[in-house]
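Subject: Handing over the model

Hi,

Here is the structure I promised to pass on. Have a look at it first, and then read my notes below.

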Amino acid sequence: MKKLILSAILISTFGLVSCQTAVNTKEEQKISNKKVMDTSYKKTDEEWKKILTPEQYYVLRQKGTERAGTGEYNDHKEKGFYTCAGCGTELFSNEQKFDSHCGWPSFDGELGGGDRVLKVNDFSHGMIRTEIVCAKCGGHLGHIFDDGPTATGQRYCVNSLSLGFKPAEKK
Ligand SMILES: [Zn+2]
């Protein structure tokens, strides 16, 4: 009986701790993006390796960066929606894309009003930057800068390898 009570206490303590962590993460997301995000798309590294090409895996899951000017969507001007290459969430539209001449597809805003792209402080490589991540699957997209030339002032600098494209339906 004692053992039973003890394990019951242990389980509830652990339960509390993990609840706490979950709440904290949600709180942080609310602060950075003012909305609770859908973070439901989870896979193991092995599963990601099966779905993604090695190049996509390197960028999306290991926070890599494709070489400037090499990306499929760098000079892409078709009408439609840019999706996350990991989970298919629509992240940007062609109307948000602008020619930044920086070598990567660049957007001045995101779809969905702030609940699809997570912003995370990034202090790697001796720089202070803001990483952008797909909220749903946690895939690395690129970085966001506040030196954009359009009215929003924002420049979402995204790897082509992190993106897919859905053409707009022709009318
Ligand atoms: Zn995603």
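What follows is a walk through what I found, from the overall layout down to single residues.

First, some ground rules. This is a predicted model, so keep in mind that local features need pLDDT of at least 70 and side-chain atom pairs count only at pLDDT 80 or more, while totals for chains, interfaces and linings use all residues. Residues are numbered from 1 along each chain as its sequence is written.

**Confidence**

pLDDT is the predictor's confidence in each residue, from 0 to 100. Its mean over the chain is 86, and 79% of the residues reach 70 or more. Residues 9-31 are the stretch to treat with care: the pLDDT there is below 50, and beyond near neighbours in sequence this stretch has 6 contacts in the model. By contact I mean two residues whose C-beta atoms, placed from the backbone, lie within 7 Å.

**Overall layout**

The chain has 3 helices and 9 strands. Along the sequence the pattern is α-α-α-β-β-β-β-β-β-β-β-β. Of the contacts with a separation of 6 or more, 57% are between residues 24 or more positions apart.

As for burial, 26% of the 171 residues count as buried. A residue is buried if 20 or more other C-beta atoms lie within 10 Å of its own, exposed if 12 or fewer, and partly exposed in between, with C-beta atoms placed from the backbone.

Start with the open sheet of 6 strands, in the order β3-β4-β8-β7-β6-β5 and with antiparallel pairing. Its edge strands are β3 (97-98) and β5, each of which pairs on one side only. Two strands pair if DSSP finds at least two bridges between them. β4 (residues 106-107) meets β8 through 2 antiparallel bridges, and S106 has C157 of β8 as its bridge partner.

Now look at β7, where 5 of 6 residues are buried. On one side, β7 is joined to β8 by 4 bridges in the antiparallel sense, with G142 bridged to V158 of β8. β7 also pairs with β6, again antiparallel and over 4 bridges; there, V133 stands opposite H140 of β7. The hairpin of β6 and β7 has 5 residues between the strands, and G138 in it takes a positive phi near 75°.

The other open sheet has 3 strands in the order β2-β1-β9, and its pairing is antiparallel. Here the edge strands are β2 and β9 (163-167), each pairing on one side only. β1 and β2 run antiparallel and share 3 bridges, and F81 finds its bridge partner in S93 of β2.

**The core**

What sits in the middle of the largest nonpolar core, touching the most other members? Those residues are V117, C134 and V158, out of 26 in this core. The elements that give two or more residues to it are α3 (54-62), β1 (80-84), β2 (90-93), β5 (117-122), β6 (129-134), β7 (140-145) and β8 (155-158). A nonpolar core here is a set of buried Ala, Val, Leu, Ile, Met, Phe, Trp, Tyr and Cys residues joined through C-beta atoms within 7 Å. If you click on V117 and ignore its neighbours within four places in sequence, you will find contacts with L91, E110, I132, C134, A135 and L141.

In α3, the buried residues are Q56, V59 and L60. They lie on the same side of α3, because they cover an arc of only 85° around the axis, the arc being that of the directions from the helix axis to the C-beta atoms. β7 is among what covers them. The face turned away from the buried side carries the exposed P54 and Q62.

Just after α3 comes K63, with a positive phi of about 60°. K63 lies in the loop between α3 and β1 and is partly exposed, with 16 other C-beta atoms within 10 Å. H125 is not a glycine either, yet has a positive phi of about 55°. H125 belongs to the loop between β5 and β6 and is exposed, with 7 other C-beta atoms within 10 Å.

Cheers
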